[in-house]
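The report below is meant for a reader meeting this structure for the first time. It takes up charged pairs, a metal site, a surface patch and the overall build in turn.

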Amino acid sequence: MKSEDCIFCKITRREIPSKIVYENNLNLAFLDIFPISKGHTIVIPKNHYSTLEDIPDNELTELYKVVKKIASMIHEKLQTDGYNILQNNFTAAGQVVKHFHVHIIPRKFDDDKFRVKIPRNQATEADLNNVLKKMEF
Ligand code: AMP
Ligand code: ZN
């Protein structure tokens with residue numbers, strides 16, 4: 001996808017409106033228009049990168065400083081009990097907007113939103129060893 005057509009690049013260029021929470025020279029944070037909970041915020045690099053594998057390490061570091069700053073502010077000011085940091089990469093993982101972004105999703109104890117409680121079975125030692133053998137740099 002070219003950045004001219006990218007919805008988050010358009011937000012960065014102010015070609016479409018957004019509710020901006022925070023901005024610095026490299027990053028922009030704005031409210032998600034389909035929030036999972038009140039205060040659901042999207043943090044992006046102003047430069048267009050598609051996934052985690054594309055964003056340079058120094059920009060990733062700077063972006064996560066912003067994520068931490070906003071998450072802490074949300075925790076205090078919106079009086080939440082916690083928050084999820086979610087970052088989808090590629091369509092199979094649910095990435096819809098192909099501009100790298102981090103979700104900050106405020107949570108309350110009894111909010112009835114998603115819980116990461118997916119049924120799963122304990123792996124055998126052989127399963128773990130087999131996959132570990134393939135996981136090399
Ligand atoms: P993902 O599934 O990780 O690609 O999430 C993309 C997110 O961007 C979704 O939560 C959308 O609700 C949000 N989104 C899409 N368009 C806009 C927009 N114009 N302003 C704010 N958030 C948006
Ligand atoms: Zn973009």
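## Charged pairs

Arg13 counts as partly exposed because its relative accessibility is 39%, where buried means under 20% relative accessible area, exposed over 50% and partly exposed in between, with a 1.4 Å probe and protein chains only. The model is a predicted one, in which local features need pLDDT of at least 70 and side-chain atom pairs count only at pLDDT 80 or more, while totals for chains, interfaces and linings use all residues. Residues are numbered from 1 along each chain as its sequence is written, chains are lettered from A and ligands numbered from 1 in the order in which they are written, and side-chain values use heavy atoms, with hydrogens and water left out.

Arg13 forms a salt bridge with Glu15, their closest N and O atoms lying 2.7 Å apart; a salt bridge here is a side-chain nitrogen of Lys or Arg within 4 Å of a carboxyl oxygen of Asp or Glu. Glu15, at 48% relative accessibility, is partly exposed. By this rule the count comes to five salt bridges, and Arg14, Glu23 and Lys46 are linked in a network of them.

## The zinc site

The zinc ion (ligand 2) is coordinated by Cys6 (SG), Cys9 (SG), His48 (ND1) and His99 (ND1) at 2.0 to 2.3 Å, donors being N, O and S atoms within 2.8 Å of the metal (3.2 Å for Na, K and Ca), with water not among the atoms, so sites may look incomplete. Cys9 lies in helix H1 (residues 7-12) and His48 in the loop between strand E3 (41-45) and helix H2 (57-77), so this pair ties together parts that are 39 residues apart in sequence; helices (H or I, at least four residues) and strands (E, at least two) are DSSP runs, numbered from the N terminus. Cys9 counts as buried, at 5% relative accessibility, whereas His48, at 23%, counts as partly exposed.

## Overall build

The protein has three helices and five strands, which run α-β-β-β-α-β-β-α from the N terminus on. Its C-alpha atoms fill a box of roughly 55 × 40 × 25 Å, taken along the principal axes. Of the 137 residues, 31% count as buried.
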